[in-house]
Amino acid sequence: MSDQAQGTENSGLFSDAAQPAVNAAAEEAVRNPAPSAEPSDVPAQEQPAACEAAKDASGADAEPEVITEEVVRARLKGLPGRWYVLHTYTGYEKRIKQDIETRIHSMNMEDYIFQIEVPMEEVIEVKKGQNRLTSRVRIPGYVLIRMKLTDDSWQVVQDTNGVTGFVGNGRNPVALTPDEVVGMLTPVIQQAAAKEAIAAGKPVTAGAPKLVTAYEVGETVTLTTEPWIGMPATISQVDAVNQRLTVLMTLVGQETPVDLSFDQVKKMD
């Protein structure tokens, strides 16, 4: 197989393979993650039949592949080129990926530049009491690229609008180590697999969207509920699933923990 063909074949390795399921399905995956496997209660003589029933029409096991660092390392093994990191304008990462891909073809660089990735992550944002599934760039201002570094391939990438340079020493970029590549891409592949599982109604073992909120431990907020309207408090715990906070207030000269909902506080101006 040629480098070009192999690079094309693997170009979708880290891309999203399925559209996100409805928000409710993703939220349910976060609230109720798949339990760890327990020993089967099926008698030994009945287990072959049970295994057959767990297979789909193609004969493949219904259980999704568990994405671990070892799995990712095996997928990366033997791919042509090395991985580098590009500095880019923040907010333009996906546009820069598209522009580089266009330049690869227009400047006949298919044998030197194989793959560009913008690591993304799916999160459930809690805003105004509502949960919203959204996709965001995992490492703002950076793009990963797998390529054979030559003067020409370096120039094609460097001259792309929005690229401010390679991570490294000028014209001598520093390639990522295998461990660094695996560490950066494993969460991306896990989340792509989780999206497929959610869309197919299968259990999610890793990579489920994370709940994120506008509040953080240690942040100072203002209370908006009686009888403490206008009083400041410091967040000590955040329960994103139930949309509640534990805050520390100074009452009668002592710090006192108080349990409140998200809508009973507001960020300080």
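Residues are numbered from 1 along each chain as its sequence is written. In this predicted model, local features need pLDDT of at least 70, side-chain atom pairs count only at pLDDT 80 or more, totals for chains, interfaces and linings use all residues, and side-chain values use heavy atoms, with hydrogens and water left out.

The chain has seven helices and 14 strands. Of the 269 residues, 36% count as buried. Buried means under 20% relative accessible area, exposed over 50%, and partly exposed in between, with a 1.4 Å probe and protein chains only. The accessible surface of the chain is about 15500 Å², and carbon and sulfur atoms hold 50% of it. Such areas come from the Shrake-Rupley method with a 1.4 Å probe; for residues, only the protein chains shown count as cover. Among contacts with a separation of 6 or more, 63% join residues 24 or more positions apart. Contact means heavy atoms within 4.5 Å.

Two strands pair if DSSP finds at least two bridges between them. Strands of a sheet pair through backbone hydrogen bonds, either parallel or antiparallel.

Strand β5 (residues 142–147) pairs with β2 over four bridges in the antiparallel sense. Gln 115 has Arg 146 in β5 as its bridge partner. Arg 82 stands opposite Met 147 in β5. Strand β5 is mostly covered, with five of its six residues buried.

The largest nonpolar core has 20 residues. Such a core is a set of buried Ala, Val, Leu, Ile, Met, Phe, Trp, Tyr and Cys residues joined through side-chain atoms within 4.5 Å. Leu 86, Ile 100, Ile 113, Ile 145, Val 157 and Phe 166 have the most contacts inside the core. At least two core residues come from each of β1, α5 (93–106), β2, β5, α6 and β6. Val 157 touches Leu 86, Ile 100, Ile 113, Ile 145, Met 147, Val 163 and Phe 166, residues up to four places away in sequence not being counted. Another core, of 13 residues, lies apart from the largest one; Ile 67, Val 85, Leu 144 and Ile 189 are among its members.

The structure holds three aromatic pairs. Rings of Phe, Tyr and Trp (its six-membered ring) pair if their centres lie within 6.5 Å; planes under 30 degrees apart count as stacked, over 60 as edge-to-face and the rest as tilted. Tyr 84 and Phe 166 have ring centres 6.3 Å apart and planes at 85°, so this pair is edge-to-face. Tyr 84 lies in strand β1 and Phe 166 in strand β6, so the pair ties together parts 82 residues apart in sequence. Tyr 84 counts as buried at 6% relative accessibility. Phe 166 is buried at 6% relative accessibility. For Trp 154 and Phe 166, the ring centres are 6.5 Å apart and the planes at 15°, so this pair is stacked. Trp 154 lies in helix α6 and Phe 166 in strand β6, so the pair ties together parts twelve residues apart in sequence. Trp 154 is buried, as is Phe 166. Ring pairs link Tyr 84, Trp 154 and Phe 166 into a cluster.

Strand β10 (residues 220–223) pairs with strand β11 (residues 232–239) over three bridges in the antiparallel sense. Thr 222 stands opposite Pro 232 in β11. Five bridges join β11 to strand β12 (residues 244–251), also antiparallel. Ile 235 has Val 247 in β12 as its bridge partner.

Glu 70 is found in helix α4 (residues 69–76). Glu 70 is exposed, with a relative accessible area of 57%. Glu 70 and Thr 186 are 116 residues apart in sequence and 9.3 Å apart in space, C-alpha to C-alpha.
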